[in-house]
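The report below goes from the overall dimensions of a protein model to its strands, its nonpolar core and a few individual residues.

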Amino acid sequence: MPFQVRVRAVNASFQLVTSITNSISLDATDESATLPGAFTLSGGEAYAPVTMNAAGSFTVSAEDLTDGTIPIATSAPFDVLLLSGFEFDRINQKNQYAGTPLTVTVTAIDPVGDLVPFSGDVNLRELTS
């Protein structure tokens, strides 16, 4: 899922410098990340979409393409969990009856079937033939 990265031009006191319109390039330690092409700051800042395509701990870096004297800025590390889908515990239809509640365990899994920590709402839909 994409998220927005905010890039800001700041002075030594970390105050926004609104006159900067430099060209910026993003990079990520996730080599498979989907990153935007170069973009320019407006009013000293810009938002850019980034999608991490792997699970792990990563950083995003911003490089000023206009002024090579400005050091590359790197984010703090952040963790990405890759969710592939959900798996249900075994349901035996021989002991289930229409209109009778059924308790089912739903587990979030990654692409290789390993458990992924997940908390949130899951909407279920019945598909019948």
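## An aromatic residue and the basis of the model

Phe78 is partly exposed, with a relative accessible area of 24%, where buried means under 20% relative accessible area, exposed over 50% and partly exposed in between, for a 1.4 Å probe and protein chains only. The model is predicted, so local features need pLDDT of at least 70 and side-chain atom pairs count only at pLDDT 80 or more, while totals for chains, interfaces and linings use all residues. Residues are numbered from 1 along each chain as its sequence is written, and side-chain values use heavy atoms, with hydrogens and water left out.

## The aromatic pair

Phe78 and Phe3 form an edge-to-face aromatic pair, with 5.9 Å centre to centre and 80° between the planes. The rule behind this takes rings of Phe, Tyr and Trp (its six-membered ring) as paired if their centres lie within 6.5 Å, and counts planes under 30 degrees apart as stacked, over 60 as edge-to-face and the rest as tilted; by this rule the count comes to one aromatic pair. Phe3 lies in strand E1 (residues 3–8) and Phe78 in strand E8 (residues 78–80), so the pair ties together parts that are 75 residues apart in sequence. Phe3 is also partly exposed, at a relative accessible area of 30%.

## Overall dimensions

The protein has a radius of gyration of 22 Å, whereas a compact globule of 129 residues would have one near 14 Å; the radius is taken over C-alpha atoms, and the globule rule is 2.2 Å times the number of residues to the power 0.38. Along its principal axes the C-alpha trace spans about 70 × 30 × 25 Å, and 23% of the 129 residues count as buried. The C-alpha atoms of Gly68 and Phe88, 20 residues apart along the chain, are separated by 53 Å.

## Strands and sheet

The secondary structure comes to zero helices and 10 strands, with helices (H or I, at least four residues) and strands (E, at least two) taken as DSSP runs numbered from the N terminus. An open sheet of four strands has the order E3-E2-E6-E7 with antiparallel pairing, where two strands pair if DSSP finds at least two bridges between them. Its edge strands are E3 (39–40) and E7, each of which pairs on one side only. E6 and E7 pair over two bridges, and Ala62 stands opposite Ala73 in E7.

E1 and E4 also pair in the antiparallel sense, over six bridges, and the bridge partner of Arg8 in E4 is Glu45.

## Core and loops

The largest nonpolar core has 17 residues, and those with the most contacts inside it are Val7, Ile24, Leu26, Phe39, Leu41 and Met52; such a core is a set of buried Ala, Val, Leu, Ile, Met, Phe, Trp, Tyr and Cys residues joined through side-chain atoms within 4.5 Å. E1, E2 (23–28), E4 and E6 each supply at least two residues of this core.

Thr51, in the loop between E4 (45–50) and E5 (56–58), is buried at a relative accessible area of 17%. Leaving aside neighbours within four places in sequence, Thr51 is in contact (heavy atoms within 4.5 Å) with Met1, Pro2, Ala33 and Thr34. Gly68, by contrast, lies in the loop between E6 (60–64) and E7 (73–74) and counts as exposed at 75% relative accessibility.
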